Amino acid sequence: MLFNSITFVLFFAVVLVTYWLIAKTEKSKIFSLFIASLIFYGYWSVNLLMLMVSCITVNYFLAILIHAKKFKYLTLFAILVNIALLCYFKYTNFFIDILNDLSTKSLPHYKIILPIGISFYTFQCLGYILDVSKNDIEPEKNYIYFTTFVIFFPHLVAGPIQRSKHLLPQFRQIHSVDNQKVVTALNLIALGYLKKIVIADSLSPYVNDVFSNYLDFGSGEILLASIYFSAQIYCDFSGYSDIARGCSRLLGFELMENFKLPYLSKNITEFWQRWHISLSTWFKDYLFIPLGGNRNSKWRNAFNYFLVFTISGIWHGANYTFLIWGSIHGLLLIIDKNIQHFFTIKLPGFLTAIFTFFSVNMLWIYFRAPNLSTANYMVSQIILHPSLPKYQRLPLIYFFLLVIIEFIFYNNKINQLNRYLKLSIYSAIVLIIVNYLTTSNEQQFIYFDF
């Protein structure tokens, strides 16, 4: 069930009515969310729903046993169970490709369907297990509450990845919403829909055309397509996060912020403090810090950064392109962390922001390209044979629109406008969203593939 569908709009309307008007107690409210989340995910596949519930059930009992210290090495076993599940569905055929590349054999691929959202719910379970093992939290004894924490439908498929310390206690709180929460929630939902269906989906055809037929285009068109993809993936993914946060807020829950205007970052370190924050902080807390964080030697710190970002790349997809994307980000971060030792002159902020965006933009090519040879060709064309695009299929109005709506909504400026102007803006937004939902084809969110 896609957020950008009439089906979801109707589904969420029923959930809201049930949650606030029909369910009278807090337990019945949580149970209604439990059922709604099962329906939301089961809408795609009942079999994949059963897989996810099985994974959750195993982690539920493992956490209780870990807290009781019943068995030695149980935490390690729980970690391996979650990683093994993720590796089987996501990386089996990738491992076969690696073996085939390293030998003269030609092993066949297995027909494995990648469960939607498996990277997100396994990481959420992993974080929960690690929090319990460190005694940061006590295991949740109520199975319904724990399951709802993992499968809470607004964030289930593409995050933000929620920490047990942040979200789990909210299932035992008395929830309420006031006018201010409703307004900010609707602002987030409107912003998310505008990003996804107006900007991201409009940029998609040009991006797909160039990346699918890259040999037919010059370096100017390839560069333009990469810039469009930078805008597309941001609007697509942050749009999902905005809708997820807005829907959750209407239900009385708060999800963590996942994006903070990342393309305004002045260096790569700042970029990863603003982009996919729930994942970058997850890797920081559960992998980088346990490896020693910044407490080791300069070379060990550099190795830790490189390892974490390489794993982050692989987390995104089973392809050499993601391996390159993550590892180069790791190298750039290492350079950024140490650059102050080599240069004493500070460049103006807008120049470093432009350089950072260009670096991120070029690496998005590896993220988007179907294979390594395609990505290498496109990058080499841009760098070695620079040219201006011969034509521009999409107007720059999309970028101006992105800047305007980000400024108005991110800084909450819309609530400071004259009420008639505000009403006009909201009316226009509703008409735009309804028009796209009823006349456009539903396009899947990019991060559903991860």
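pLDDT is the predictor's confidence in each residue, from 0 to 100. We need that term because this is a predicted model, where local features need pLDDT of at least 70, side-chain atom pairs count only at pLDDT 80 or more, and totals for chains, interfaces and linings use all residues. Residues are numbered from 1 along each chain as its sequence is written, and side-chain values use heavy atoms, with hydrogens and water left out.

Confidence, then. The protein averages a pLDDT of 87. At least 70 is reached by 92% of the residues. Helices here are DSSP runs of H or I, at least four residues, numbered from the N terminus. Helix α16, residues 397-410, has the lowest confidence, at a mean of 68. The highest is in α6, at 95.

Let's stay with α6. Two packed helices are described by the angle between their axes and the distance between the axes. Which angle do α3 and α6 make? The axes of α3 (residues 46-68) and α6 (residues 143-151) cross at roughly 125 degrees and come within 10 Å. Those axes are lines fitted to C-alpha atoms over the stretch in contact, and angles run from 0 to 180 degrees between N-to-C directions. Under 35 degrees counts as roughly parallel, over 145 as roughly antiparallel, 65 to 115 as roughly perpendicular, and the rest as oblique. So α3 and α6 are oblique to each other. Their crossing is right-handed, meaning that the near helix is turned clockwise from the far one by less than a right angle.

Who makes the contact (heavy atoms within 4.5 Å)? From α3, M52, V53, I56, T57, N59 and Y60. From α6, Y143, F146, T147, V150 and I151. These residues divide into 8 nonpolar, 3 polar and no charged. Ala, Val, Leu, Ile, Met, Phe, Trp, Tyr, Cys and Pro count as nonpolar, Asp, Glu, Lys and Arg as charged, and the others, Gly among them, as polar.

Next, backbone angles. Most residues other than glycine have a negative phi. L261 has a positive one, near 45 degrees. L261 sits in the loop between α9 (219-250) and α10 (268-274). H276 is also positive, with phi near 40 degrees. Its loop lies between α10 and α11 (277-288). H276 is buried, with a relative accessible area of 0%. Buried means under 20%, exposed over 50%, partly exposed in between, with a 1.4 Å probe and protein chains only.

S32 is in helix α2, residues 26-42. S32 is buried, at 15%. Beyond its neighbours within four places in sequence, S32 contacts T18 and Y19. S280 belongs to helix α11. Leaving aside neighbours within four places, S280 contacts W272 and W275.

Methods. Helix = DSSP H or I, 4+ residues; strand = E, 2+ residues; numbered from the N terminus. Contact = heavy atoms within 4.5 Å.
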